[in-house]
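Student: Hey, can we go through this structure together? I'd like to start with the big picture and then pick out some residues.

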Amino acid sequence: MGVLMSRRQTVERVQKVSLAVSAFKDGLREQPSTRRRAEAGTARQGTLEQEVQEGEEEALAGPSQPEESSAGKAAWERLRDGRGVEPEEFERANRFTPPAFIRPKRELHDDEPPDISLEQREQILNDEMCEICEVWTAESLFPCRICHRVYHDGCLRRMGYLQKDSAVEVTETAPTETGWSCYYCDNLNLLLTEEEMYSLMETLRNCKIIPGVCLTLDDFLHYKHQVHKQQFERTMPEAQEEQAALQFNALDPDKKGHIEWQDFLSHESIQLLQKIRPQNALLRLLTPKERERARAAFLALDQDNDGFIGEGECRQARHTWFRKHQKEMLSCNVSISHVGPISEGSPASSRNGKSPEKILPATKQEETSIDWPRFLRENVAYILAARPNSAALHLQPLA
């Protein structure tokens, strides 16, 4: 630990010099207020930024290509910061500057099992004021289906987070059971700590993955082969290659022949979380809204109210958690196949209403019974992977 802290302190000193040089070069193009905000946001990120710059300089060693080098560094910086749009890319008139994002840190108690009761329901309270402008305007605020934040669509536009069809998506889905994820919750990469993000960036750089570029099936399989070979020092088995191909199809629901960068990044982020963090730590990432949806899903599957469901029913929940994005499911007729977006006021969340549709005829005596804690542990990664607004399945359930 002592060596690590010493290295960080050294890198931070170097970064301060780098920031001073950058500020001098960009001083004529930036307004004073914008520069102060940018410096405040980047000063705390010096450690990782310097590492990224050093890696890029090594990768670009050879013929001098200053323009490509600058563009590459900017792409890696956006990846590090978890931001898709930089303030410099905005039209300065009538634009807000995105807030600096501080990556989470692991706590000592994160690996301990959290107390998430099935019987004790949680009160869901949204913020009263817009997260961006901090103004209350009642019905015109759009809530996030994952966290407590609410937004004005106009504020989201000025932040650069609503473009083209996304504005229609927010206004149509945010007030419904399907819901809409805000720009914090939509990006699974923001769940990674600084150390985890650095590990992912190293993997991407070693496999020659360029940030912001779409991946074809060949690109995706080549990347998976390289990662497997680096980790296990042997060729990836054919069965895993077939599973990777299925994951590619899940990330390309529109059959475009490629997967978008943000979908690939979210997939790799949730894969890394599964590999590095224990299930108890992942459970602590769930928000009250997600825990309530999980309760509603479990209670809808527990038709005889004995506190257990069948293993097949648990797999069914895992496979259907992502169906919230299908437009034909925006009605109020909720069934077991609509596990993901069940809300507190939906028909399936009430145990006094009609019994949900039975999908699996097998009885609990014929298969392994699963209680509430195990249901949460086995589904937590899929619940987190269902956060993005994209129709892609960022974590394909195993058959």
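Student: What does the accessible surface of the protein chain come to, and what share of it belongs to carbon and sulfur atoms?
Tutor: The accessible surface is about 21,700 Å², and 51% of that belongs to carbon and sulfur atoms. Areas like this come from the Shrake-Rupley method with a 1.4 Å probe, and for residues only the protein chains shown count as cover. Before we go on: this is a predicted model, so local features need pLDDT of at least 70 and side-chain atom pairs count only at pLDDT 80 or more, while totals for chains, interfaces and linings use all residues. Residues are numbered from 1 along each chain as its sequence is written, and side-chain values use heavy atoms, with hydrogens and water left out.

Student: OK, how many helices and strands does the chain have?
Tutor: The protein chain has 14 helices and six strands. Those are DSSP runs numbered from the N terminus: helices are H or I with at least four residues, strands are E with at least two.

Student: And what percentage of the residues count as buried?
Tutor: 44% of the 399 residues. Buried means under 20% relative accessible area, exposed is over 50%, and partly exposed is in between, with a 1.4 Å probe and protein chains only.

Student: Which residues have the most contacts inside the largest nonpolar core?
Tutor: Leu-79, Leu-204, Ile-209, Phe-264, Trp-372 and Phe-375, in a core of 52 residues. A nonpolar core is a set of buried Ala, Val, Leu, Ile, Met, Phe, Trp, Tyr and Cys residues joined through side-chain atoms within 4.5 Å. Helix H14 (residues 372-385) gives the largest share of this core, nine residues.

Student: Where does that core lie relative to the domains?
Tutor: Between domain 2 (189-276) and domain 3 (282-323 + 368-389), because both give residues to the core. The domain bounds come from an automatic or database domain assignment.

Student: Why would nonpolar side chains group like that?
Tutor: In soluble globular proteins, nonpolar side chains tend to be buried together.

Student: What does Phe-264 touch?
Tutor: Skipping neighbours within four places in sequence, Phe-264 is in contact with Leu-204, Ile-209, Leu-215, Phe-220, Tyr-223 and Ile-259. Contact means heavy atoms within 4.5 Å. There's also a second, separate core of 23 residues, which includes Phe-101, Leu-141, Cys-155 and Trp-180.

Student: Switching to charges: how many salt bridges are there?
Tutor: The count comes to 15. A salt bridge here is a side-chain nitrogen of Lys or Arg within 4 Å of a carboxyl oxygen of Asp or Glu.

Student: Which residue does Arg-149 pair with?
Tutor: Glu-131, with the closest N and O atoms 3.8 Å apart. This pair links distant parts of the chain, 18 residues apart: Arg-149 is in the loop between E1 and strand E2 (150-151), and Glu-131 is in the loop between H4 and E1.

Student: Are those two buried or partly exposed?
Tutor: Arg-149 is buried, since its relative accessible area is 19%. Glu-131 is at 30%, so Glu-131 is partly exposed.

Student: What about Glu-202, where does its salt bridge partner sit?
Tutor: Glu-202 pairs with Arg-205, with the closest N and O atoms 2.0 Å apart. Both lie in helix H7 (residues 194-206), three residues apart, about one turn of the helix. Glu-202 counts as partly exposed at 25% relative accessibility, while Arg-205 counts as buried at 14%.

Student: Which residues are linked in a network of salt bridges?
Tutor: Arg-121, Glu-122, Arg-291, Glu-292 and Arg-295 are.

Student: Last one: where is Asp-110?
Tutor: Asp-110 is in the loop between helix H4 (66-81) and strand E1 (142-143).

Student: Why does Asp-110 count as buried?
Tutor: Because its relative accessibility is 11%.

Student: And what does Asp-110 touch?
Tutor: Not counting residues up to four places away in sequence, Asp-110 touches Lys-105, Asn-280, Ala-281 and Arg-284. Its side chain also makes a polar contact with the side chain of Arg-106, at 3.4 Å. A polar contact is a pair of N or O atoms within 3.5 Å; within protein, one must be able to donate a hydrogen and the other to accept it, and residues adjacent in sequence count only if both atoms are side-chain atoms.
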